[in-house]
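Hi,

Here is the structure I promised to pass on to you.

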Amino acid sequence: MRIGLLILRRLLLMIPVMVGVLVITFVIGRVIPADPVALLMGQENADEALVQQIRHDLGLDQPIWTQFYVYVRNITRGDFGMCWSTRNPVLDDLAVRLPATLELVIVSMIVCIVLAIPLGVYAAVKRDAFGDHVTRVASLVGVAVPGFWFGLLLIFFFYYYLRWAPPPMGRIGFRTTIVPVTGFNLIDSLLAGNLKAFGEVWAYLALPVAAVSLRKVAQLTRLVRSSMIEVLASDYIQTARAQGLRRSTINFRLGLKNGLLPPITQIGDMFGDLIGGAVVIELVFAWPGAGRWAVTSALAGDFGPIQAFVVICAAVRVLCFLVADILYAVIDPRIKY
Amino acid sequence: MEKETTRKGAGPLETPQGVVLHIADLRVVFHTYVGTVHALSGIDLDLREGKITGLAGETGCGKSVTAKAVMQLLPSTAEVLSGRILFGGEDLVRKTPSEMDAIRGKRIGMIFQNPRAALNPLFTVEEQLYFLLHRHEHLGRKEARKRSLALLEAVRMGGAKKRLRSYPFELSTGMCQRVMIAMGLACSPKLFIADEPTTGLDVTVQAQVLELFKHLVYEVGSTALLITHDLGVIAETSDYMGVMYGGRMVEFGTTEDLIEHTLHPYTQGLLRSSFTGEDDDELHYIPGVVPDLRRPPSGCVFEARCAVCVEECRVSVPDMIEVENGHRVACFQAGAAGIADGGKAGSTRGER
Ligand SMILES: Nc1ncnc2c1ncn2[C@@H]1O[C@H](COP(=O)(O)OP(=O)(O)O)[C@@H](O)[C@H]1O
Ligand SMILES: [Mg+2]
């Protein structure tokens, strides 16, 4: 099928992008830390023979090209190397933490879409009315405010001051246990039939999700608004008005389809942006996710985690592009593929 | 914008005998950042039942605003200062938006310039017809498809069945306009408004579309308002014609009368620049530019460009007066300047 061709072509296009990403992560891991061996052994006891042995074991005595080849080959086999601080394979450590990040990001993504599209359409339809001005100012502020600061503000109000929110420390209270099946607490708590835990998971999610999504909700609202304003002023919407179609048909059945075309690309971008943005928020809320793990490891001089995290992020981002392209092609018949 | 203000008279709502649309003293302004634009300064227009009435005039003279006022599709910056638009015993100016929605598309059809942009790029012809037929005729998918097919055949669309599934970008501009005409006439409206329907089309396509337009309007038994800046188009299609200038109607009558017995110097100028005689290879045009409607002149709107104007034209506005049965003109010098052998060359004083 024609759409299959599009997917295949985009998948092939992913290859050079991913090679570029691998080069960068390789440089991060092998070139920036002055001496991985010293890092591994600690500074003091520098027994020369042992150092040489380890260098050989790690392949660090090979030419840089060979090292890169081995690096890429290992990654294609799912081997991201070892996490030097925990001595576990990086992938194992990542697998434990990624669901926490994904849960945060996916919920944020849904919140963004569910809030921004109706808000944007509302602001466009009520253009220059009071509600539109409120939406515009709010989204302008939302775009300007840094997420981590908003997160701290939320903690101050809802945890410290109002005592409505649970402490900003992780995904769930320490008294509650959820048997990990998928790693997604929302799913696992339901699988266990534990509705109380399910509610608690939401309570813990609320503030970080708000902090992660604020900026994206604001951006998307602004984009949907401007795109809808353009659509509502178009000739074809004038035709629809001249045909006496109902406002709801014009705004939602017709206009929204046209108006969502430009934002689709941004929605595709959003997932990647949210993962990136989640890193800081995970630090603020002590969220045991992959972003926080990658950053704290890197700060400790351990570059395996951040390499893996960057590769995963890049892959996710490229896949999101692909999904956005496919959606675009499905909606817009003019796209040739 | 609210339409409170001093709208004239609440007289009877019956339209005169044989008249489908009766516009009286329609005044429309636009409130813009650069000032108030007096787009229409008192338009009168009657559309006779079963006839095609052409509306001519240079760009910016208020033709589209007139049509949009009838459809009540003016932007929110517009304000109707006065006037009545009587249609089917009702004043459209006083209709609420939802009342108008029931009229638009069903009892008044309208098509626009640039048919490709006027169709939604993301929906097939069938879907777009379905929205309309479902809204006004309450047809389901299946019935709508049947009716759509018949409509496309009525507008002589080759391969109608296939075209139902086409998107606008897969159609030629002429085909798009056929689809628009099909939509405009889908509910057999009493009134059909076409705003520059052939502008931008190839000459041959233009002729076909006009032919189709004429044929269908008569066949459906509709009454049409055909807006165009091209007098040639009007000469070929219209029974009556009005000429607008600077937000006013300056001459109105049967197409024949206006062309054979032109009374207004502006109409004369338009005709000269449209139809150049065989032995005449000069390019005719009307010198000067259209007036700035933010500061309409105190006298006749055409005065600044008029070759036959007199002192009177600068101070007072000429009223539309009937010169011969149904042929009306707003000019103190009507029929002057050797304009054919027009009527009695009446000139009266407007009091304003
Ligand atoms: N939305 C608007 N805002 C301000 N002025 C407008 C608007 N629409 C039309 N006008 C003005 O009204 C006058 C008549 O315009 P229009 O009816 O579109 O002319 P045309 O005869 O070419 O169709 C023009 O002077 C134009 O500048
Ligand atoms: Mg126009």
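This is a predicted model: local features need pLDDT of at least 70, side-chain atom pairs count only at pLDDT 80 or more; totals for chains, interfaces and linings use all residues.

Residues are numbered from 1 along each chain as its sequence is written, chains are lettered from A and ligands numbered from 1 in the order in which they are written, and side-chain values use heavy atoms, with hydrogens and water left out.

**Chain A overall**

Chain A has 14 helices and two strands; these are DSSP runs numbered from the N terminus, with helices being H or I of at least four residues and strands E of at least two. Its C-alpha trace spans about 85 × 55 × 40 Å along the principal axes. Of the 337 residues in chain A, 45% are buried (buried is under 20% relative accessible area, exposed over 50% and partly exposed in between, with a 1.4 Å probe and protein chains only). Contacts here are heavy atoms within 4.5 Å. Taking those in chain A between residues at least 6 apart in sequence, 74% join residues at least 24 apart.

**The interface**

On the chain A side, 22 residues are in contact with 26 residues of chain B. The two chains bury about 2200 Å² between them, and 60% of that is on carbon and sulfur atoms (buried area is the accessible area, 1.4 Å probe, that two parts lose on being put together, summed over both). Ala242(A), Gln243(A) and Pro333(A) supply 24% of the area that chain A buries against chain B, more than any other three residues.

Between the chains there are eight residue pairs in polar contact, both residues at pLDDT 80 or more. A polar contact is a pair of N or O atoms within 3.5 Å; within protein, one must be able to donate a hydrogen and the other to accept it, and residues adjacent in sequence count only if both atoms are side-chain atoms. Helix 10 (235-242) and helix 11 (247-259) of chain A each supply at least two residues of the side that touches chain B. By class, that side of chain A has seven nonpolar, six polar and nine charged residues (Ala, Val, Leu, Ile, Met, Phe, Trp, Tyr, Cys and Pro count as nonpolar, Asp, Glu, Lys and Arg as charged, and the others, Gly among them, as polar).

Which residues of helix 10 of chain A are buried? They are Tyr236(A), Ile237(A), Thr239(A), Ala240(A) and Ala242(A). Their cover includes helix 9 (195-232) and helix 11 of chain A, together with helix 1 (63-71), strand 6 (108-111), helix 3 (115-118) and helix 7 (173-184) of chain B. Just after helix 10 of chain A, Gly244(A) takes a positive phi of about 70°.

**Salt bridges**

The rule for a salt bridge is a side-chain nitrogen of Lys or Arg within 4 Å of a carboxyl oxygen of Asp or Glu. It gives 24 salt bridges over all chains, and one across the interface of chain A and chain B. Arg247(A) and Asp101(B) meet in a salt bridge at 3.1 Å, N to O.

Within chain A, Arg136(A) pairs with Asp128(A) at 3.7 Å and with Asp132(A) at 3.8 Å. Arg136(A) and Asp132(A) are four residues apart in helix 6 (residues 130-144) of chain A, so about one helical turn separates them. Asp132(A) is buried at 0% relative accessibility, whereas Arg136(A) is partly exposed at 35% and Asp128(A) is partly exposed at 49%.

In chain B, Glu90(B) and Lys95(B) form a salt bridge, with the closest N and O atoms 2.7 Å apart. Glu90(B) is partly exposed at 25%, while Lys95(B) is buried at 17%. Salt bridges that share partners also join Arg127(A), Asp128(A), Asp132(A), Arg136(A) and Arg225(A) into one network.

**Cysteines**

Cys313(A) is buried, at 18% relative accessible area. The sulfur of Cys61(B) is 14 Å from the closest cysteine sulfur, in Cys300(B), so the distance is too far for a bond. Cys61(B) is buried as well, at 2%.

Best wishes

How values were computed:
A disulfide is a pair of cysteine sulfur atoms within 2.5 Å.
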